Protein chains: 2
Amino acid sequence: MSISLPQHVRIVEVGPRDGLQNEKQVVPADTKLELIRRLAEAGLKTIEATSFVSPKWVPQMGDNTEVLTRVLAAAAPGVDYPVLTPNLKGFEAALAAGAKEVAVFGAASESFSQKNINCSIAESLARFRPVTEAAQAAGVKVRGYVSCVVGCPYEGEIAPQKVAEVAETLVSMGCYEVSLGDTIGSGNPVTVQRMLDAVMRRIPVTQLAGHYHDTYGMAVANIFASLQMGVAVFDASVGGLGGCPYAAGASGNVATEDVVWLLKGMGIDTGIDFDALVDTAAWISAELGRAPASRVARAVLAKRAQAAQAN
Amino acid sequence: MSISLPQHVRIVEVGPRDGLQNEKQVVPADTKLELIRRLAEAGLKTIEATSFVSPKWVPQMGDNTEVLTRVLAAAAPGVDYPVLTPNLKGFEAALAAGAKEVAVFGAASESFSQKNINCSIAESLARFRPVTEAAQAAGVKVRGYVSCVVGCPYEGEIAPQKVAEVAETLVSMGCYEVSLGDTIGSGNPVTVQRMLDAVMRRIPVTQLAGHYHDTYGMAVANIFASLQMGVAVFDASVGGLGGCPYAAGASGNVATEDVVWLLKGMGIDTGIDFDALVDTAAWISAELGRAPASRVARAVLAKRAQAAQAN
């Protein structure tokens, strides 16, 4: 095998937003702030801080203005704190709180778009345009998400071509990067590479990120498959925060420590302190009253406990 | 990506032996028989049935003669039931019970060999020679295992060259296949491909099997990486039976249902009925009083429960 893999990878930490948003418990703002602080200290350079959505729909993010304001007041140097802004109202609130980077969220599946945000894919993209225009005017960076890039909980397999179209539209609107989300974790290395191949015909790989869910334990393999295609940015959630909204008790976002373990082992630099990351996974999991969802965290913590016992 | 993957893969089910041997509880012979019967019914064609080791060291396999005799008396057509035979005494007992296939177990790490079987690698290989000779004389097939093919719990990284040497010796003794074991699960796609590359310079890939542990959640990625190298035989343990003897609470053998999920999704044929396999994982896990260690089993069972609730 002589496929060369990227030498450096950037991890976008989505635990404080995508993770905590999908937890049943509403976590206090102080805990969120401490989580974000620990993540920055562990070396994460992009930490999604919160979401400017209606607290009626997402009570977990009801403290978005407080969280973002306090995060930015204590911002670590060189760290970006993007926030999710699904519409202009959300964007204006984020901007008022000082946001320097925002993200918009589209789907590659018509049925998912209808059920999740109650409009067609085309309508949702049209709704993002004023956001990206306002962001450009304000000098705010915009990241784009595409969900259901391999499979959809309602309509099954998604055509790679559809993903490519949506991703291209987001880039044409000014998104500097598009994060490709395997929302239900149904992807495998073959279907992920097929999807990436279609997207890369429209968008340079340097503008793409992989966002994989570990529902069926395929995320690490899908990241390896994506690295082989040249993808060098991956979203991950410390401790596997978030779980899977489509199957109670199953895993959701791939755990950041699993991704860093993989990359570190393969000699790929992330700038992240692995041990500090595992500490953070253990700490936030304890705050939520459970063990980390991650195999790596569980194995490393078990080995640490054994070593402590032996001393 | 245009690397072609194998179209068919053979799974060697090691749950009843490698799995149950590493469980603390001693499972009754009747349960083992039922497990093996269900696995054969799900389509597994190679099921490691037991181990002919001293009950003093491995009480979990103390019923080896009873298990093998009863398994062979009710053997499913076209299914092989190999057993582990670490020495001539074990081989003779296995032969007396009717074994048609046996396996010997070497290490690629000197320290592991010393600590695990109390002799050097060379001495252990010399000990296998009478077994392989007696097996050939009796018309019994012999499979070889090599443990610690990437890392060792005592000495860290293992040189791929060392693995190649041990594997070649096993083949030269008459092993029809060599199973390469990442015993502590420390391998990743890069180190696994590097190891395979060294071994494949000595032995045709058609005589190799991958045996990966999921301690750090890397097994599925390592299987994908191995498929890219042409490996088409993998060992797996239903429900992830066995756990990790080197870190209590961590995962051990990759779960058979995870491997079949991966392969099925990528269009690779295994001849295995996925749903029957998940049923078997759920059943044996319940017998052991816990949930399956496998993400795939947990997600599929969670989705089934949700669907049942919706009806």
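A salt bridge is a side-chain nitrogen of Lys or Arg within 4 Å of a carboxyl oxygen of Asp or Glu. The views below come from a predicted model, in which local features need pLDDT of at least 70 and side-chain atom pairs count only at pLDDT 80 or more, while totals for chains, interfaces and linings use all residues. Residues are numbered from 1 along each chain as its sequence is written, chains are lettered from A and ligands numbered from 1 in the order in which they are written, and side-chain values use heavy atoms, with hydrogens and water left out.

**View 1. A network of salt bridges in chain A, and a pair in chain B.** In chain A, the residues A:R10, A:R143, A:E177 and A:D235 are linked in a network of salt bridges. In chain B, B:D235 forms a salt bridge with B:R143, and their closest N and O atoms are 2.7 Å apart. This pair links distant parts of the chain, since B:D235 lies in strand β11 (residues 233-236) and B:R143 in strand β6 (residues 141-147), 92 residues apart; strands here are DSSP runs (E, at least two residues) and helices are DSSP runs too (H or I, at least four), numbered from the N terminus. B:D235 counts as buried because its relative accessibility is 2%, and B:R143 counts as buried at 1%, where buried means under 20% relative accessible area, exposed over 50%, and partly exposed in between (1.4 Å probe, protein chains only).

**View 2. Two salt bridges on helices of chain A.** A:E34 forms a salt bridge with A:R37, the closest N and O atoms being 2.9 Å apart, and both residues lie in helix α2 (residues 29-41), three residues apart, or about one turn of the helix. A:E34 is partly exposed at 22% relative accessibility, and A:R37 is partly exposed with a relative accessible area of 41%. A further salt bridge joins A:R304 to A:D275, with the closest N and O atoms 3.7 Å apart. Here the pair links distant parts of the chain, with A:R304 in helix α12 and A:D275 in helix α11, 29 residues apart.

View 3. Among the buried residues of α10(A) are A:W261, A:L262 and A:L263. What covers the buried residues of α10(A) includes α9 (219-228) and α12 (295-310) of chain A together with α8 of chain B. Just after α10(A), A:G267 takes a positive phi of about 80°.

**View 4. The interface of chain B and chain A.** In this interface, 37 residues of chain B are in contact (heavy atoms within 4.5 Å) with 37 residues of chain A. The area buried between the two chains is about 3400 Å², of which carbon and sulfur atoms give 64%; buried area is the accessible area (1.4 Å probe) that two parts lose on being put together, summed over both. The count between chain B and chain A is two salt bridges, and B:R295 forms a salt bridge with A:D214, the closest N and O atoms being 2.3 Å apart. Helices α8 (189-200), α9 (219-228), α10 (256-265) and α12 (295-310) of chain B each supply at least two residues of the side that touches chain A, and the largest share of that side, seven residues, comes from α12(B).
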